[in-house]
Amino acid sequence: MDRDKIVEFLNQDLSGEIEAILVYMRNATIALGEACKAGHDMEEIAFDEMRHAEWLADLIVELGGKPAMTHRELDFGGNSVRDFVRRVVELEKEAIAMYKEHIAAIDDEKVKEKLQHILREEEWHLAEFEELLEEL
Ligand SMILES: [Fe+2]
Ligand SMILES: [Fe+2]
């Protein structure tokens, strides 16, 4: 696989991270305003997503690319905290599917290892958010 293709995949992953950061921070702020514990969880996990975004951007630059910093139109979920958490569960599932696909396709060992590390954290996030959803 050539470098440009890897950079393209990494930019797709980066878009997902940026989307997650923005959705989690916005939903966390509202939930915290309602003194809901879910706000702390979403805020904390947004910081993990920022770390992922930084790792991906570093890899892109190392491969000679530029971090695109784009994202889809934001969908925050519905109006309640429960709706917000349902939405972040969806985003984690999408991220997991995309990382698995990219890990299988990319043949650069260093990139693969980093994506595997991120994937493990996304699986942990999904478990946290699913547990949170049951409590709400
Ligand atoms: Fe992430
Ligand atoms: Fe995540």
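I shall go from the overall fold to the helices and then to the loops.

Please keep in mind that this is a predicted model. The chain contains 4 helices and 0 strands, and from the N terminus on its elements run α-α-α-α.

Let me turn to overall dimensions. Along the principal axes, the C-alpha trace spans about 50 × 25 × 20 Å. A compact globule of 136 residues would have a radius of gyration near 14 Å, and the chain, at 15 Å, agrees with that. Of these 136 residues, 46% count as buried. As for contacts with a separation of 6 or more, 77% of them are accounted for by residues 24 or more positions apart.

I now come to individual helices. Helix H1 covers residues 3–33, that is, 31 residues. From first C-alpha to last, H1 reaches 45 Å, close to the 45 Å expected at 1.5 Å a residue. Helix H2, residues 37–62, has 26 residues and reaches 39 Å, close to an expected 38 Å.

What follows each of these two helices in the backbone? After H1 comes alanine 35, with a positive phi near 55°. This residue is not a glycine, yet its phi is positive. Alanine 35 sits in the loop between H1 and H2. Is alanine 35 buried or exposed? Its relative accessibility is 72%, over the 50% cut-off, and alanine 35 therefore counts as exposed. H2, in turn, is followed by glycine 64, whose phi is also positive, near 90°.

Methionine 69 has a positive phi of about 55° although it is not a glycine. Which residues does methionine 69 touch, leaving aside those up to four places away in sequence? They are Leu14 and Ile18, and both positions fall within the range of H1, residues 3–33. Glutamate 17 is 52 residues from methionine 69 in sequence, and the C-alpha to C-alpha distance between them is 9.6 Å.

Thank you for your attention; I welcome your comments.

Methods:
Residues numbered from 1 in each chain as written. Chains lettered and ligands numbered in written order. Predicted model: local features only at pLDDT ≥ 70, side-chain atom pairs only at ≥ 80, totals over all residues. Heavy atoms only, no water. Expected span 1.5 Å × (residues − 1). Rg over C-alpha atoms; globule rule 2.2 N^0.38 Å. Buried < 20%, exposed > 50% of the residue type's maximum accessible area, 1.4 Å probe, protein only. Contact = heavy atoms within 4.5 Å.
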